[in-house]
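Student: I am new to this structure and would like a close look at one part of it. Please take me through that part slowly, and then show me some other places worth a careful look.

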Amino acid sequence: MAEVGRHPQLNRNGELHHLLSIEELPRAILERILTTADSFINLAEREVKSVPLLRGRSVFNLFFENSTRTRTTFEIAARRLSADVFNLDITRSSTAKGESLLDTINNLTAMQADMFVVRHASSGAPYLIARHVAPHVHVINAGDGRHAHPTQGLLDMYTIRHYKRDFTQLTVAIVGDILHSRVARSAIHGLTTLGVPEVRAVGPLTLLPGGLEQLGVRVCTRLEDGIRGADVIIMLRLQNERMKGALLPSAQEYFRNYGLTPEKLQLARTDAIVMHPGPMNRGVEIDSHVADGTQSVILPQVTFGIAVRMAVLALVSSSQRMQ
Amino acid sequence: MKLAIRNGRVVDPASKVDGRADVFVDDGRIVAIGTAPHGFSAERTLDATGLIVAPGLVDLCARMREPGADGALKVESHAALAGGITGVVCPPDTDPPLDEPGLVRMLRQRSREAAGARLYPLGALTAGLGGEALAEIETLAEVGCVAFAQTGSLPHDNSVLLQAMRYARTFDLPLWLRPVEDTLAGRGVAAAGAVAARLGLASVPDVAETVALHTVFELQRATGARIHLCRLSSSNGVELVRRAKREGLPVTCDVGIHHVHLIDVDIGYFDSNFRLDPPLRTSRDRDAIRTGLADGTIDAICSDHTPVDEDMKQVPFGEAESGEQAIEFVNESKPNLVLMDINLPGMNGLECTRILKSQHPEVAVFVITSNNAENYRAAAIEAGASEYIPKSQIRKELVRILSRHS
Amino acid sequence: MIDLDAEAIYRRFAARVRERTAGRDVRLVGVRTGGVWLAERLRDALGIRHPVGVLDISFYRDDFDRQGLSPTVKPSQIDFDVDGKNLLLVDDVLYTGRTVRAAMNELFDYGRPARIDLAVLIDRGGRELPVEASVVGATVEVPREVSVVLSRDETGGLHLTLEQHGG
C-alpha cells in the first residue's frame with residue numbers, strides 16, 4: 001500500500017532532511033528557510049563572502065538534465081558555505097532506468113558524498129534517490145520533470161516577501177505554460193502554504209493542467225482577467241517545442257494574447273512586481289520594456305536565489321543524524 | 001473416494017446457491033449438496049467452517065511468462081491453483097505473439113504437462129499483434145483459442161477493426177478489446193486529474209477510454225460482432241457500457257482487481273508499484289466500478305497478472321533464504337547460473353552445491369564468499385562449483401562470468 | 001546562590017570601559033543578543049557616534065555537527081569598514097571562550113581590524129580556549145549545570161538570572 005504519513009523529506013523529528021518539494025513542506029519550515037536566507041543576503045557585501053558552516057562537507061551536483069544557471073547558483077551557494085563541491089554532468093536523453101540511477105548514487109556515496117543536488121527529467125526521480133541513500137545523506141531536488149522545482153519556488157516566495165511583506169493580502173498571477181512547468185507547481189504550493197488568498201493561473205486551455213482548482217487556484221484564459229489588480233505577476237518561459245506541437249500555433253499568436261506588454265501591465269496594481277524564473281524569451285512571453293522596466297524584479301531574483309539555496313543547504317545539514 | 005465437505009458457505013452462481021450447506025463428493029464427482037445421499041458414508045470429512053466452497057475461479061487475464069524460462073509456466077499455473085483459480089485465460093501478447101496454430105498447440109501441450117490451472121489461450125487478432133493484417137483466427141479457434149484479442153489499445157486503423165469484426169462475426173468468434181484510443185492516451189502514466197497535475201506526471205484523459213468505447217459500439221452496431229471489453233477504468237466508461245447493454249449490444253466487460261480497490265492518490269510519493277495500465281483513476285471512478293459490479297454492468301474481475309518484464313532481461317536471481325529453498329527454487333525455475341554463498345542458514349553452501357550439481361549437472365554454480373581460505377576454495381571445486389570467487393572481486397568477475405554464460 | 005544586581009554591575013562595567021577606551025577611536029561590536037544590548041547602552045554612555053556592529057555567530061559556531069542550526073538566526077550587520085579599526089567586542093557572559101573565538105573569526109571575514117579588545121559583563125571562568133577579556137564587570141563562580149543569563153525588561157532594565165539545566 002502507499003506510504004501514509006510522514007513525507008520522505010522530513011525525518012522522524014519533523015526536521016527537514018531532504019528538500020524534495022514545497023508541497024507538504026510545513027509552513028514553519030518554509031518560513032524558517034526564508035528567514036535564514038536573510039542572513040545570507042548581506043554576505044555578498046563582505047570581503048570574505050563565505051561562512052565556515054559546511055566546511056568538510058561534500059556536495060555533489062548531479063544534473064541529469066542540462067542547466068548551467070541552476071547548477072552554477074547551487075555551486076556558488078555551496079562554496080559560500082565552505083563546502084567542497086563536485087559537478088557531475090550525467091546528461092541522458094531518456095529516463096535513466098532505476099538500476100543505473102541507483103548505481104550512480106551508490107558509487108558516489110562510497111566517495112563520501114554528504115549531499116546530492118539532483119536535477120532529472122523524470123518526475124519523482126529525487127524521491128527514488130532519497131529512498132536509497134545512506135541515512136546521513138541529504139537530497140536536494142533541483143528540478144524533476146514537470147513535478148517540482150522547490151528552490152525556485154522558495155526564491156520566488158523570498159522575492160515576494162522582500163517586496164510585499166504580507167502574503168495574506170496578495171493577488172498573484174502565474175502566466176504561461178503551467179502544464180509543463182515545475183516552477184509553476186512549486187510556486188503554487190508555496191503561495192497557498194503561505195496563505196495567499198488569490199492565486200491565478202493564466203494561459204490557453206492547452207497549457208493548463210486539469211486539477212488546478214483542487215490546488216486552490218483560479219483559472220483564467222485571458223491575460224487581462226488574470227492580471228487585473230494583481231500584486232505579483234510571475235511570467236513563465238514558453239519553450240520552443242510547445243510551439244511546434246498541437247498545443248500552440250505560433251509564438252506571435254501567443255505573444256498577442258498572453259505576452260506581457262507595458263499596456264497590459266497597467267491593468268495590474270501600480271506597485272505590482274513582475275517576476276520571471278529565467279531565461280526569458282523576449283517578445284514571446286514578455287516585452288523587453290517590461291523585462292527591463294521599473295516593476296521588474298527579475299535581476300534581484302538571481303541574488304535571492306543564492307541566499308535561499310544557502311539557507312536550504314544549511315538547514316538540511318542541520319537535521320539530526322539519527323533518522 | 002467418498003468425501004464430505006461440511007459447514008462451508010457454498011457459493012454457486014450456476015445453481016444460484018449462496019448459503020451454508022454440506023457438499024458430498026464421490027469418486028471425483030459432486031453427488032449431492034445439502035443432504036447426504038442415501039447410504040453415503042464419508043471416508044474423509046473436511047470441516048469447511050468459515051470457508052467458502054465454490055466452483056473453481058476463472059481468471060480472465062493472467063500472463064504466464066510463456067514462452068519463457070522452462071518451468072515458469074508450471075510455477076504460474078500452480079500459483080493460480082493455490083489461489084483457487086482453476087482456469088486462466090492468457091492474453092496473446094507473448095513473445096512471439098500467439099498468431100500461429102503451432103504456437104498455440106505447444107502452449108496447450110506445456111500447460112497440460114504443467115498440470116496446474118487449465119489454460120484458455122486468447123489468439124492474436126492481427127498478425128504479430130501489429131494491428132494491420134488479420135491473423136488466421138478461424139484456424140486458431142480450431143486449435144483451441146477461445147477468443148481473439150488486440151492488447152494495449154484498439155488497432156490504430158479503424159478500417160482494420162471494422163474488417164476484423166466483420167470477419168469474426170462470420171465465424172461467430174468473440175473479440176476481446178482494450179478500449180483505449182492510443183493517440184489520446186499518448187505516453188501518459190497516470191490518470192488525468194488532481195494527482196497527475198500535482199505530481200507532474202504525463203496523464204491519460206478519460207476520453208482515451210470513452211472515445212474508444214464509442215468507436216467499438218458504433219462498429220458493433222454495423223457488424224453485430226461479439227465484443228468483450230478488457231479493463232474498464234472510468235466512471236464515464238462504465239456508464240457507456242451500461243447504455244450499450246441496455247440497447248442490446250452483444251458486449252461484456254471486465255475490470256482489473258486493482259481498480260476495484262486502489263485510486264490515484266495511492267501513488268503516494270511516486271511509488272512505482274502503482275503505475276498500472278490502465279492507470280489508477282479517482283475515487284469517483286472506483287465507486288462507479290463498484291456500482292457497475294453490483295448491478296451487473298461489469299461482468300467480471302480479473303487479476304491482470306503481469307510479471308514484471310525488466311527482471312527477464314537479466315539473469316534471474318532468486319533470493320533463497322536457505323539452502324533447502326535454493327534447491328527448491330532451482331528445481332522450479334532452472335536457472336542457467338547460481339551464485340552460492342557459503343554461509344547459509346540451515347544447509348551450508350557447499351552441501352547445497354553438491355546436491356544441486358548432482359540433481360542439475362547443467363546448472364553452473366559459482367561459489368562466492370568473503371572467506372578467502374585456500375581450503376574452502378578446494379572444497380568448493382570438489383563439491384562441483386565451477387569457480388570460487390571472493391566477494392571483494394565480485395563486480396568484475398560477475399561481468400566476465402555472465403558474458404561467458406550468455 | 002549568589003545574588004546578582006545587574007544594573008550595579010553594569011555601572012562598574014561601563015566605568016571600566018570608559019577608562020579603557022579613553023582618548024581612542026573605538027568601534028563597538030556586540031555579540032547577539034546580550035552583547036548588543038550592552039553595546040548599545042555603552043554607545044550612548046560613551047557618546048560614540050558610530051553605529052554599533054551586530055554579530056550573529058550562528059554560522060561560525062563549532063558545534064554545528066552536534067546541535068544543528070540555531071532556530072533564531074538573524075543577519076549580522078556591520079555597517080562600517082573593519083579594516084584598520086580599533087574594535088571593542090562586547091558580550092554578556094564569558095565562559096568557555098568559544099563564542100568569542102567564533103565572533104573573532106567572523107570579524108576577520110569582514111576585514112582586518114587593527115585591534116580587538118574584549119569587554120564582558122560577567123566572567124564566570126571555565127575557559128576551554130585561551131581567551132581573555134580586558135574589561136570585566138564582575139567575576140562569579142557558578143557550577144557547570146548552572147547558566148548565567150542576561151535579560152532585558154520592557155523599560156530596558158537589565159537583569160541577571162541563574163538557571164539550572166535539566167538532567
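Student: At what angle do helix H5 and helix H12 of chain A pack, and how far apart are their axes?

Tutor: The two helices, H5 (residues 150–164) and H12 (residues 298–317) of chain A, pack at an angle of about 120°, and their axes are 9 Å apart. Here helices (H or I, at least four residues) and strands (E, at least two) are DSSP runs numbered from the N terminus, while axes are lines fitted to C-alpha atoms, for helices over the stretch in contact, with angles running from 0 to 180 degrees between N-to-C directions. This is a predicted model, in which local features need pLDDT of at least 70 and side-chain atom pairs count only at pLDDT 80 or more, whereas totals for chains, interfaces and linings use all residues. Residues are numbered from 1 along each chain as its sequence is written, chains are lettered from A and ligands numbered from 1 in the order in which they are written, and side-chain values use heavy atoms, with hydrogens and water left out.

H5(A) passes H12(A) in a right-handed crossing, a term used if the near helix is turned clockwise from the far one by less than a right angle, left-handed being the anticlockwise case. On the side of H5(A) the contact (heavy atoms within 4.5 Å) includes Leu154(A), Leu155(A), Tyr158(A) and His162(A), and on the side of H12(A) it includes Phe304(A), Val308(A) and Arg309(A). The residues of this contact divide into eight nonpolar, six polar and two charged, where Ala, Val, Leu, Ile, Met, Phe, Trp, Tyr, Cys and Pro count as nonpolar, Asp, Glu, Lys and Arg as charged, and the others, Gly among them, as polar.

Elsewhere in chain A, Ser181(A) sits in the loop between strand S5 (171–175) and helix H6 (182–193). Ser181(A) counts as buried because its relative accessibility is 10%, buried meaning under 20% relative accessible area, exposed over 50% and partly exposed in between (1.4 Å probe, protein chains only). Its side chain reaches the backbone nitrogen of Val183(A) at 3.3 Å, and, leaving aside residues up to four places away in sequence, Ser181(A) touches Arg146(A) and Leu236(A). A cis peptide bond, with omega about -10°, joins Gly278(A) and Pro279(A), and Pro279(A) lies in the loop between strand S9 (273–275) and helix H11 (288–291).

Chain B has a cis peptide bond between Asp95(B) and Pro96(B), with omega about 5°, and Pro96(B) is found in the loop between strand S7 (85–90) and helix H2 (101–114). Asn7(B), in strand S1 (residues 2–12) of chain B, has a positive phi of about 70° although it is not a glycine, and it is partly exposed, with a relative accessible area of 37%.

As for confidence, the mean pLDDT (the predictor's confidence in each residue, from 0 to 100) of chain A is 89, and 93% of its residues reach 70 or more. Over residues 92–99 of chain A, however, the pLDDT is below 50, and beyond near neighbours in sequence this stretch has nine contacts in the model. For chain B the mean pLDDT is 83, and 81% of its residues reach 70 or more.

Note on methods. A polar contact is a pair of N or O atoms within 3.5 Å; within protein, one must be able to donate a hydrogen and the other to accept it, and residues adjacent in sequence count only if both atoms are side-chain atoms.
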